[in-house]
Amino acid sequence: MTAVADSLPLTETHTPPDQAALAATVADAYLAGTPVYPLGGGTSLDYGQAASRPGIGLATTGLDRVIDYPARDMTITVEAGITMQKLSDVLAAERQWLPIEVPAASSATLGGAVATAFSGPRRYGSGTLRDYVIGISAVDGGGMPFKAGGRVVKNVAGYDFCKLLTGSLGTLGVITQLTLKIKPRPAGSAFLACDLPDLPTAERLLAALVNSCTSPAAVELLAGPTWRDNAALGNATAGTVARLAVGLEGMPGEVQWMLGQLASEWRSLGITSSRLLDDERARQLWSDLSEFPASPTAPLVIKANLVPSRTTQFVELALRIDPQASIQAHAGNGIVIVRFAGFEAGDVSRSLIGRLQPAAQAAGGNVVVLSSSLGGLTRQAIWGGATAATEWMAKAKRQFDPKNILNPGRFLYDNL
Amino acid sequence: MISSALLSVVDELQAAVGRENVLAAHAELVVYECDGFVIEKNCPDVVVFPRSTEDVAKIVRICNSADVPFLPRGAGTSLAGGCLPVGGGVLIVLTRMKQILEINLRDRYAVVQPGVVNVWLTNALKGTGYHYAPDPSSQGACTIGGNVATNSGGPHTLKYGVTVNHTLGIEAVMADGTIVQFGGPAEDPTGLDLTGVLVGSEGTLAVVTKVWVRLTRNPEGVRTMLGIFDSAEDATNAISEIIGAGIVPAALEMMDQGILVAIEAAFHFGFPLDAQAILLIEVDGLEAGLDAERDKIIELCLKCQAREVRQARDAAERLLLWKCRKQAFGAVGRLSPSYCTQDGVVPRTKLPHILRCIQAIGQKYDVRIVNVFHAGDGNIHPILLFDERDHAQVERVLAASGEILEECIACGGSVTGEHGIGVEKISFMRKLFNDNDLAAMERMRLAFNPHNRLSPGKMLPTAGACGLEQKHPGRRAAL
Amino acid sequence: MQLSPSPITQAKSDAEQVNPGAGIDYGLFLDCVHCGLCTASCPTYVITGNENDGPRGRIYLMRSVTDGRLELGNEVRRHLELCLDCRACETACPSGVQYGKLIEPFRVAMEQPGTARKTDDWFHRWILFRLFPYPERMRAALTPARWVQWLGLDRAVAALGLLRLLPPRLRQLVEMLPPLPKAEPQLPEFLPAIGPRRARVALFTGCVGDAIFRPTNWATARVLQQNGCDVLVPRDQACCGAIHFHAGSSEPARQFADANVRAFALDDVDAVIVNVAGCGAMLKDYGHHWHDSSQPAREQLASKVKDISEFLDTLGLIAPQGEIPLTATYHDACHLGHAQKIREAPRRLLAKIPGLKLKELPEAELCCGAAGTYNLTEPEMASQLSRRKMQNIVSTGARLVVTGNAGCLLQISREARQQGEKLWVAHPIDLLDLSYRGQQPPL
């Protein structure tokens with residue numbers, strides 16, 4: 001986590017006590033033309049381009065109330081500044097949860113997670129925040145509060161601003177309140193893991209998983225030093241290039257059955273030794289998997305999105321560029337997070353723009369930079385090149401934030 | 001009649017896409033004056049059938065240069081007037097763009113043109129172990145393009161979600177005629193989730209020309225149960241108990257006594273006619289867990305005073321049960337010469353309350369109301385029975401419908417769970433949203449559709465669409 | 001597309017004399033709630049994607065003409081003529097709309113004097129109306145064809161492209177002719193039950209059917225005998241009248257119907273057996289079509305009519321013993337599946353043939369394009385549909401295609417010949433008959 005003061009040119013920070021006060025602050029800023037930098041727990045502030053215009057910090061941490069939690073409707077309405085940990089605790093009391101993992105849950109806020117569309121390993125079995133936000137309130141760049149969606153799980157009235165604002169990096173509005181669809185928390189959870197001698201073997205297993213009789217909660221392909229010595233997984237066998245950890249959740253009987261079934265499916269593919277992780281070790285691995293993307297020291301952390309079948313090729317490329325990189329791939333979804341160990345300013349155009357971005361584009365996706373200590377990265381380096389769609393994003397931005405005061409200069413818009 | 005400006009549009013369209021893909025004779029346009037919503041009608045001036053994305057772009061550009069309104073249409077099964085050519089103009093009918101372009105099982109997606117009928121995709125996937133999850137009851141006819149426009153649901157959305165949860169990307173022709181791809185085969189495209197905004201935008205932001213959809217693995221097993229209750233209250237309590245126990249059924253549908261009588265007459269399933277409510281409950285997933293879930297559900301139903309819980313013995317019986325449910329509306333024709341239905345949503349725990357209200361409203365207006373609905377989602381479809389030749393009755397039905405929807409809003413719900421706003425429910429938008437909310441939506445439309453030539457008069461109660469003064473309830477069959 | 005209003009106004013003066021919707025029970029229109037669930041079940045809509053070519057659109061057109069909102073112009077007429085009358089839409093309709101009861105009388109009325117009738121043309125007058133309904137004339141007409149085929153001249157003609165010299169509809173007819181079997185004798189008037197007698201039935205042998213498919217009529221009689229049925233074959237029976245009726249020529253159809261009422265006035269038969277789905281659907285509807293003093297008699301005949309598969313399934317088939325170790329696929333003839341709602345019975349019968357594997361046909365519910373004489377009057381749409389049908393058949397991998405209607409048999413056989421697919425297309429009864437006799441299909 002980067003200190004707030006380091007990453008943003010803040011003149012002052014406001015912490016409004018309620019949504020009306022927050023709207024008033026933005027309205028004042030609009031009149032003055034002052035940039036507004038929304039702040040949650042400050043855990044993802046190095047995501048996006050560096051801000052250049054001085055402005056005010058607008059912390060949502062004063063907005064952390066649970067507004068309504070009708071547990072039997074499996075929905076919850078909360079203010080956006082609630083931390084992920086507090087939300088999780090509230091839901092746990094009813095044996096429910098929001099199966100979205102973010103690093104540093106005790107300070108990361110729900111609003112921040114939504115604004116950055118953060119996701120973790122459970123996205124394979126449970127989807128991402130876009131599947132859970134069913135109602136949203138926000139304050140636009142003119143200081144006008146607005147909302148969309150509602151509190152019911154099925155609702156098609158009006159435009160779906162829940163989707164528009166999820167992942168908008170606070171550039172269309174400051175999110176103040178959210179209604180979520182939630183799920184029952186499964187009673188059983190375990191991992192089956194194996195060590196792989198090469199990446200083609202990994203692709204063979206991943207392709208087979210698509211037709212597995214089991215229904216995994218997470219499919220994680222892991223490589224690099226971080227995972228070689230992971231305590232929960234145990235030491236990797238000699239000659240291991242990557243490790244595959246498949247999370248299995250459900251009723252205890254289901255988990256037991258899936259562990260046996262998957263082990264036998266793997267055996268038929270020539271994987272003779274697999275490890276079962278349950279209880280404490282499973283908990284530890286879930287936690288390690290959740291925390292991985294946050295790295296205080298790495299020179300560069302990227303996230304690639306690809307069609308899943310290209311995952312291992314991309315991992316191979318990343319390891320060629322930096323053999324010491326640590327990699328976590330949500331392989332079932334084609335999401336690859338690479339934490340480089342050695343990456344210099346000169347590598348940005350050579351490797352990031354020159355090799356990684358084209359490889360991801362060829363696989364139907366793109367690369368974004370999650371964080372970097374390199375500084376001065378361009379829009380092209382952080383978000384990849386503009387597409388025809390980018391212009392339409394800018395059109396929406398201009399409507400919601402006509403003076404461009406919300407997180408200015410940090411997202412991928414062009415020509416504002 | 002056709003103005004000279006339109007005549008030149010017709011010429012240009014014919015030159016652009018071929019004479020055989022343009023209809024301009026009044027006799028051939030009449031069938032396009034409405035969709036599944038028949039209260040309001042308006043003939044388009046021209047109907048055009050594009051065969052490619054490029055055709056759509058050409059059509060849109062022609063409309064723009066002539067300043068003529070235009071809008072897309074799929075199969076025309078909208079129940080809210082989503083395909084009504086409010087301002088006349090050019091109706092872009094996408095039924096000739098009906099190719100399944102790609103099926104990729106390794107990467108779990110398919111690419112389809114907008115005119116592909118929902119069930120064609122699932123048929124094409126037979127034997128692969130995969131299916132396309134959104135299954136609106138009209139899936140045998142409605143197109144995936146239309147599903148995207150309205151963010152369609154269906155009985156299995158309780159567990160699997162609605163169309164937007166299965167849409168990875170969209171290629172669209174924007175209101176200015178440019179072709180843009182949002183998202184694609186990979187998840188998490190960079191930037192704003194405009195795919196998510198286009199889904200459910202009811203054709204007011206762009207014309208969808210290609211869709212990347214997520215494919216879903218077929219569940220290993222399924223258990224379908226029928227809970228029979230002596231009171232609707234007990235049945236709704238059972239719903240609450242099942243969900244409260246942490247079970248998310250694949251589907252959870254409720255039918256009350258009124259509709260049971262009609263269904264039994266049509267399908268002879270053997271429903272007890274004196275039951276006050278039945279729940280159709282389906283759980284799916286791993287065989288390893290299903291029997292335990294089934295036993296728990298049976299136990300909870302019995303705890304809520306269920307008279308009996310039956311289990312579908314085989315696939316044929318399960319299909320028949322679903323046929324009873326999916327075609328329930330058709331069977332209503334046996335109860336009454338006319339009927340209309342609503343699409344309200346309430347929080348699940350408010351179901352007992354809304355059912356009591358519906359009953360009271362029925363008594364107040366002397367209108368017979370029967371119920372069949374997606375109970376798990378709190379998505380109610382009360383069916384109001386009447387005789388359209390009796391004008392006083394028609395008035396009462398309209399008033400009762402309005403009151404039911406008002407009560408849904410008062411419960412914290414919505415006036416549409418899956419049919420869309422279209423033109424039918426525009427007048428309710430002001431009750432669901434305040435001026436700020438609507439202004440934000442209006443700006444979204446301005447961003448994408450600044451001249452409002454694309455689908456004017458739809459969804460938002462602004463820009464000349466003040467909402468319909470309903471004089472006549474619709475008779476609708478498909479839910 | 002027509003922009004000039006002239007064709008509409010031209011038709012107007014004619015149409016004003018009689019509104020073709022005048023005689024239709026208006027309540028039948030009201031049954032349609034315009035939900036559109038029928039659209040994708042309609043073969044012509046699936047091909048053209050035009051609402052005017054779908055059931056909901058056609059009902060809307062007919063109702064608009066009936067209401068006086070639309071003239072019966074060329075466009076409207078064209079869309080109504082393109083209907084196959086396969087009634088797949090009735091199967092799809094959740095509201096129970098009786099589409100056949102709308103389109104059939106409407107098209108009959110469309111052909112009444114005062115309108116430009118399509119049935120005035122030479123093809124309808126000479127081929128469809130004067131040749132097809134009369135088995136003797138058909139057989140006589142086919143004799144040269146049999147010789148031509150025997151000498152291989154047909155292939156020579158096709159190879160030389162000489163067929164293209166024929167008018168399209170006649171060419172379609174020539175191409176349609178299956179390899180004609182050697183002439184078989186006429187069925188006797190009575191064939192006794194084999195084994196204990198379980199039923200006494202009369203067999204309807206049809207017109208075109210008896211000329212081209214006499215072997216199937218023999219097979220039907222033999223299978224009935226095997227199942228303990230006395231089989232009567234009334235000599236003075238006539239064409240069912242469907243060709244005329246579906247082309248809008250009601251009066252000749254009524255005369256055929258009454259001839260059949262006389263021929264089948266047999267109080268002591270349990271059922272009148274039909275093996276051609278199109279004829280069966282027509283015979284079963286005798287009671288609805290005309291309202292005069294003979295209506296009760298026609299209704300009585302209609303109530304006894306049973307499709308052969310329906311009858312055997314209800315009677316309880318005596319399982320055949322001969323093994324046929326092949327894979328077959330079953331095509332639902334529209335007039336069996338949609339019009340008579342008989343889908344499972346033929347499948348159950350076929351399942352009793354030892355060794356036979358039945359593979360489900362994708363889009364089995366979609367018309368093959370035959371639709372009575374539709375393939376002769378609307379060749380272009382018909383061949384689009386039969387190409388689609390053949391793709392689906394090929395996808396099953398089956399070399400044996402089974403269907404219960406003469407038109408489908410001809411249409412699918414022709415498509416197979418044209419595409420060079422080696423298929424054996426047969427009636428379920430042909431297959432049952434082979435199994436009883438311990439023989440194999442000529443694959």
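The questions and answers that follow concern two interfaces in a predicted model.

Visitor: Into which domains is chain B divided?
Guide: The model is predicted, and the bounds rest on a domain assignment. Along chain B, the divisions are domain 1 (4–95), domain 2 (103–217), domain 3 (219–334) and domain 4 (336–419).

Visitor: How many residues does each side give to the contact between domain 3 of chain B and domain 4 of chain B?
Guide: The centres of domain 3 of chain B and domain 4 of chain B, taken over C-alpha atoms, are separated by 21 Å. Contact is counted for heavy atoms within 4.5 Å. By that rule, domain 3 of chain B gives 20 residues and domain 4 of chain B gives 21 residues.

Visitor: Which three residues supply 32% of the area that domain 3 of chain B buries against domain 4 of chain B?
Guide: Between domain 3 of chain B and domain 4 of chain B, about 1600 Å² is buried, and carbon and sulfur atoms give 64% of this area. On the side of domain 3 of chain B, three residues supply more than any other three: B:M254, B:F329 and B:V332.

Visitor: Which residue forms a salt bridge with B:R356?
Guide: The count between domain 3 of chain B and domain 4 of chain B is one salt bridge. A salt bridge requires a side-chain nitrogen of Lys or Arg within 4 Å of a carboxyl oxygen of Asp or Glu. The closest N and O atoms are 2.8 Å apart in the pair that B:R356 forms with B:E233.

Visitor: Which element gives the most to the side of domain 3 of chain B that touches domain 4 of chain B?
Guide: The elements that give two or more residues to this side of domain 3 of chain B are α8 (232–244), β13 (251–256), α9 (257–267) and α12 (328–332) of chain B. With seven residues, the element that gives the most is α8(B).

Visitor: What area is buried between chain B and chain C?
Guide: The contact takes 46 residues from chain B and 33 residues from chain C. Carbon and sulfur atoms give 55% of the area buried between these two chains, which is about 2900 Å².

Visitor: How far apart are the closest N and O atoms in the salt bridge of C:E51 with B:R73?
Guide: Two salt bridges are found across the interface of chain B and chain C. In the one that C:E51 forms with B:R73, the distance between the closest N and O atoms is 3.0 Å.

Conventions: Residues are numbered from 1 along each chain as its sequence is written. Chains are lettered from A and ligands numbered from 1 in the order in which they are written. This is a predicted model: local features need pLDDT of at least 70, side-chain atom pairs count only at pLDDT 80 or more; totals for chains, interfaces and linings use all residues. Side-chain values use heavy atoms; hydrogens and water are left out. Buried area is the accessible area (1.4 Å probe) that two parts lose on being put together, summed over both. Helices (H or I, at least four residues) and strands (E, at least two) are DSSP runs, numbered from the N terminus.
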